[in-house]
Amino acid sequence: MTCPRVDLQRFEPTHATTFNNRSSGELLDDIRPHRDQIRRELGLLDGQDEFSWSLWKLPDDVEFPDVDLSVWPREYMQSAGSADRMVIEMRVFDADSEPHQLSIGRGGSREEDPAEPVVYGSYTLRVHPDEIFTADEATEVYYSYFQTGDIPAGFVTRELDIS
């Protein structure tokens with residue numbers, strides 16, 4: 001009996017991920033679909049040892065091992081905190097090549113200064129209540145970013161002062 005030939009051609013990754021701004025790798029779907037892999041990795045955030053995760057598009061026509069991580073990624077989506085209490089930010093460049101760091105939220109009140117604490121590592125970030133996500137909620141935002149390069153309809157951004 002002969003087994004049918006199976007084409008095992010590997011899917012070419014389009015995105016990579018980074019934990020704690022130190023450990024990077026390709027976002028693969030070899031074991032689980034991309035959405036499930038995103039959810040799994042966000043679920044690993046504990047606010048202390050694993051406190052940040054980012055997703056970024058690989059440069060066109062460059063395989064991950066050849067990416068210069070000292071200058072890449074330029075644009076990304078990142079979270080800091082824990083699986084049950086995290087923020088989501090995006091780094092984007094405008095038409096003049098100026099970078100902007102944006103906090104993502106659901107569109108709540110902006111009448112008061114951000115006061116809700118999100119702890120990551122030895123830092124505490126203050127945000128608005130609508131800018132706090134669980135890993136499940138963040139997964140949908142990240143999956144939209146993975147597919148389209150943008151946040152889902154209905155979400156809003158707020159520019160952060162990172163100077």
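Arg110 is partly exposed, with a relative accessible area of 33%. On this scale, buried means under 20% relative accessible area, exposed means over 50%, and partly exposed lies in between (1.4 Å probe, protein chains only). Salt bridges that share partners join Arg110 with Asp130, Glu131 and Arg158 in one network. A salt bridge here is a side-chain nitrogen of Lys or Arg within 4 Å of a carboxyl oxygen of Asp or Glu.

Before we go on, a word on the model. It is a predicted one, in which local features need pLDDT of at least 70 and side-chain atom pairs count only at pLDDT 80 or more, while totals for chains, interfaces and linings use all residues. Residues are numbered from 1 along each chain as its sequence is written, and side-chain values use heavy atoms, with hydrogens and water left out.

**The chain as a whole**

The chain has two helices and nine strands, and from the N terminus on they run β-β-α-β-β-β-β-β-β-α-β. Helices (H or I, at least four residues) and strands (E, at least two) are DSSP runs, numbered from the N terminus. Along its principal axes, the C-alpha trace spans about 70 × 35 × 30 Å. Of the 163 residues, 40% are buried. Among contacts with a separation of 6 or more, 58% are between residues 24 or more positions apart; contact means heavy atoms within 4.5 Å.

**Salt bridges**

By the rule above, the chain has eight salt bridges. Three of them are set out here.

| Pair | Closest N and O atoms |
|---|---|
| Glu140 and Arg35 | 3.1 Å |
| Arg106 and Glu137 | 3.0 Å |
| Asp130 and Arg110 | 2.6 Å |

Asp130 lies in the loop between strand S8 (123-127) and H2, and Arg110 in the loop between S6 and S7, so this pair ties together parts 20 residues apart in sequence. Asp130 counts as buried, at 10% relative accessibility.

Glu140 is partly exposed at 39% relative accessibility, and Arg35 is partly exposed at 35%.

Arg106 sits in the loop between S6 and strand S7 (116-120), and its partner Glu137 is in helix H2, 31 residues apart.

**Helix H2 and the core**

The largest nonpolar core has 21 residues, and those with the most contacts inside it are Ile38, Leu42, Met77 and Tyr142. A nonpolar core is a set of buried Ala, Val, Leu, Ile, Met, Phe, Trp, Tyr and Cys residues joined through side-chain atoms within 4.5 Å. Helix H1 (34-43), strand S3 (52-57), strand S5 (85-93) and helix H2 (135-148) each give two or more residues to this core. The most comes from H2, with seven residues. Ile38 shows how these parts meet: leaving aside neighbours within four places in sequence, Ile38 is in contact with Leu27, Trp53, Leu55, Thr139, Tyr142, Tyr143 and Phe146. Apart from this core lies another, of six residues, among them Ala16, Trp56, Val67 and Tyr76.

The buried residues of H2 include Ala138, Val141, Tyr145 and Phe146, and their cover includes S1, H1, S3, strand S4 (76-82), S5 and strand S6 (99-105). Ser144, also in H2, is buried with a relative accessible area of 13%. Not counting residues up to four places away in sequence, Ser144 touches Gly149, Asp150, Ile151 and Pro152. Just after H2, Gly149 takes a positive phi of about 80°.

Five of the five residues of strand S1 (residues 15-19) are buried, so S1 is largely enclosed by the rest of the structure. In a regular strand the side chains alternate between the two faces of the sheet. Both faces of S1 are covered, with His15, Thr17 and Phe19 buried on one side and Ala16 and Thr18 on the other.

Two strands pair if DSSP finds at least two bridges between them. S1 pairs with S3 in the antiparallel sense over five bridges, and the bridge partner of Ala16 in S3 is Trp56. Four bridges join S1 to strand S2 (residues 23-26), also antiparallel, with Thr18 partnered by Ser24. S1 and S2 form a hairpin with three residues between them, and Asn20 in the turn has a positive phi of about 50°.
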